[in-house]
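This report describes a two-chain protein model.

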Amino acid sequence: MAYHMAIASPKVRAEVVEVSGFPRLAQRYNIYAVPKIVINDRVSFEGALPEPLFLSRVLEGVSSPAEASGE
Amino acid sequence: MPYLQAQDEAFVRQLLEKEMAGDVTLDFFTTSVSGLAMPGTEWEICEHARKILEEFAALSPQVRLQTHGIIAESDAARSRGIDKIPGLAIVGAEDYGVRFFGMPAGYEFSTLLEAVIAVSKGTSQLSEQTLAALATLPGDAHIQVFVTPT
């Protein structure tokens, strides 16, 4: 889903990170379950979401102020 | 020992031949391409990832693998947004911002395969509503999807 959003919009960058090689990132983002999706370091959720809900989290991540970080 | 078994190789080769549209470049950033890197966990992961990608790229004339040292080619890494290794930029007719970090093994090999096909086509499989919302996105979105290899 993230990759398709990146293809659809020049404003979206999508990265899949296989965390076993990046333990510090796993720690930083509190990865206890996968997939864990983090948007603009502000909004995060675990597990697969249907497209409309995934989109709503992306929109939330783009529009929410940085201070509202849940991380 | 090759990563891909003969039957998997045949399946992937056929899938790429059937599904790919345009060519795809895999810009792979690793520890070093000069042989000066020190063995260690990061080096081992990078080497394993490189071997997988070499096997993968050999399965289609439309997939080109370019290997870069992240220190020797730090400008290229920066321009591709690669800040850790192993890091891979999957680039088609344009750079859509599709990246993969870590080992593309196990279930994540399928992620790589799907990403290459999607980038090759340059079109997404999203609904009209989602496309409309993305077209008016008020700012940049950096989506990170954290996964494990199993």
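This is a predicted model: local features need pLDDT of at least 70, side-chain atom pairs count only at pLDDT 80 or more; totals for chains, interfaces and linings use all residues.

**The interface**

Contact between the chains involves 38 residues of chain A and 41 residues of chain B. The size of an interface is often expressed as the accessible area lost when the parts come together. Between chain A and chain B this buried area is about 4000 Å², and carbon and sulfur atoms give 65% of it. Salt bridges between chain A and chain B number zero. On the side of chain A that touches chain B, two or more residues each come from α1 (2–8), β1 (12–18), β2 (36–39) and α3 (51–63) of chain A. Sorted by class, that side of chain A comprises 26 nonpolar, five polar and seven charged residues.

**The sheet across both chains**

Strands of a sheet pair through backbone hydrogen bonds, in either a parallel or an antiparallel sense. Here, eight strands form an open sheet with mixed pairing, in the order β3(A)-β2(A)-β5(B)-β1(A)-β4(B)-β3(B)-β1(B)-β2(B). Its edge strands are β3 (43–46) of chain A and β2 (63–69) of chain B, each of which pairs on one side only. On average, and with direction ignored, neighbouring strands of this sheet are turned by 20° against each other.

Two of the strand pairings can be described in detail. β1(A) pairs with strand β5 (residues 141–147) of chain B in the parallel sense, over seven bridges. Within this pairing, E15(A) stands opposite Q144(B) of β5(B). β2(A) and β3(A) run antiparallel and are joined by four bridges. There, K36(A) is placed opposite E46(A) of β3(A).

Helix α2 (residues 41–57) of chain B packs on the sheet and touches β1 (24–30), β2 and β3 (87–91) of chain B. The direction of this helix makes about 165° with that of β1(B).

**Backbone features in loops**

| Residues joined by a cis peptide bond | Omega |
|---|---|
| V34(A) and P35(A) | about -5° |
| I85(B) and P86(B) | about -5° |

P35(A) is situated in the loop between α2 (23–28) and β2 of chain A. P86(B), for its part, is found in the loop between α3 (74–80) and β3 of chain B. The loop between α2 and β2 of chain A also contains N30(A). Although N30(A) is not a glycine, its phi is positive, at about 50°.

**Salt bridges**

Over all chains, the structure holds 13 salt bridges, while the count between chain A and chain B is zero. One of the salt bridges joins the side chains of K121(B) and E19(B), with an N to O distance of 2.8 Å. Why does this pair tie together parts that are 102 residues apart in sequence? K121(B) belongs to helix α4 (residues 107–121) of chain B and E19(B) to helix α1 (residues 6–19) of chain B, so the pair links parts separated by 102 residues in sequence.

Technical notes
Residues are numbered from 1 along each chain as its sequence is written. Chains are lettered from A and ligands numbered from 1 in the order in which they are written. Side-chain values use heavy atoms; hydrogens and water are left out. Contact means heavy atoms within 4.5 Å. Buried area is the accessible area (1.4 Å probe) that two parts lose on being put together, summed over both. A salt bridge is a side-chain nitrogen of Lys or Arg within 4 Å of a carboxyl oxygen of Asp or Glu. Ala, Val, Leu, Ile, Met, Phe, Trp, Tyr, Cys and Pro count as nonpolar, Asp, Glu, Lys and Arg as charged, and the others, Gly among them, as polar. Two strands pair if DSSP finds at least two bridges between them. Axes are lines fitted to C-alpha atoms, for helices over the stretch in contact, and angles run from 0 to 180 degrees between N-to-C directions.
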